[in-house]
Amino acid sequence: MPPCIPLLFRRRSLFVLLAACGLGAAGIALADVTPLTNRQCTLMQENQVMSATNPVPCERLALVTFSYRDFSGKQHDDGSVVVLDAVAPQVQEIFAELLERKFPLQRAQPMEVYHGDDEASMIHNNSSAFNGRPITGGGAWSKHAYGVAIDINPVQNPYIGKDASGQTMVLPSAASAYISRKVRPGMSEQVLEIFFRHGFLIWGGYWKQPIDYQHFEIGSRDFIARLLALPKNEARAEFASYAQGYGACMQRSDMLTMPSLDTRRKACAGQSKR
Ligand SMILES: [Zn+2]
């Protein structure tokens, strides 16, 4: 039987499924994918989340709304992220699986709340996706500016880079206890498989400099350009096929002989990205 939460989203026999999922009336999980309205686009522009030169036009962005559990186990129904339309169905599935897995998220508020300030969002331990900004510490567009990167729980999953004088920089600063990756709730290592299986095959925790434990993205830039060149429905089919490549790799006989599940996941994520 498919996971109960995605079925809920399809609104089939709601009460039967609620019982099957062990959810009471107060625990109804919400999730949806909708194109951004003109008003939402204007708000993003007014709040420095999107500039006039953004590499993806607002019409190609979608709002994914979802329920999530916080670190005390309380369910919230106000989660939202903005992503490229081509990847929105997979992002919806990712957050549904995080909820089903009881993986905690502190909050997931729109970047307008933070006026596009990534550091403010990180300090607030906010999970987010689209933000029309350059790479941290660099000039090129971040993959967040294409809506194809997601950051989760920055406090549990810090960014570790170098500042202008070459000193180690941990963002947010309150995250220093999580430089050590001894597994605790809310850490990315617990959910790599969920992101990989849905096409977010690049994890910043595998990088050497900077290390970005909160960050998942799709790749390569050529592949993103291809998704943008295709109409929405064709781009969705193309991305679905990209995501399926990881699952196929994980079942390959040469991969099944890998010494551990972790090494198999890392190898398949690396091989499956285009
Ligand atoms: Zn990021």
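Phenylalanine 95 touches Ala31, Val64, Phe66, Tyr68 and Gly79, leaving out residues up to four places away in sequence. Contact here means that the C-beta atoms of two residues, placed from the backbone, lie within 7 Å.

A word on the ground rules: this is a predicted model, in which local features need pLDDT of at least 70 and side-chain atom pairs count only at pLDDT 80 or more, while totals for chains, interfaces and linings use all residues. Residues are numbered from 1 along each chain as its sequence is written.

Phe95 is also among the residues with the most contacts inside the largest nonpolar core, together with Val83, Leu84 and Val87; this core has 55 residues. Its largest share, seven residues, comes from helix 4 (residues 88–100). Such a core is a set of buried Ala, Val, Leu, Ile, Met, Phe, Trp, Tyr and Cys residues joined through C-beta atoms within 7 Å. A residue is buried if 20 or more other C-beta atoms lie within 10 Å of its own, exposed if 12 or fewer, and partly exposed in between.

Helix 4 also holds leucine 98. Leucine 98 counts as buried because it has 24 C-beta neighbours inside 10 Å.

| Residue | Contacts |
|---|---|
| Phe95 | Ala31, Val64, Phe66, Tyr68, Gly79 |
| Leu98 | Tyr68, Phe103, Leu105, Val191, Ile194 |

Leucine 98 and phenylalanine 195 are 97 residues apart in sequence, and their C-alpha atoms are 9.7 Å apart.

Zooming out, 38% of the chain's 274 residues count as buried. Among contacts between residues at least 6 apart in sequence, 58% join residues at least 24 apart.

Key. Helices (H or I, at least four residues) and strands (E, at least two) are DSSP runs, numbered from the N terminus.
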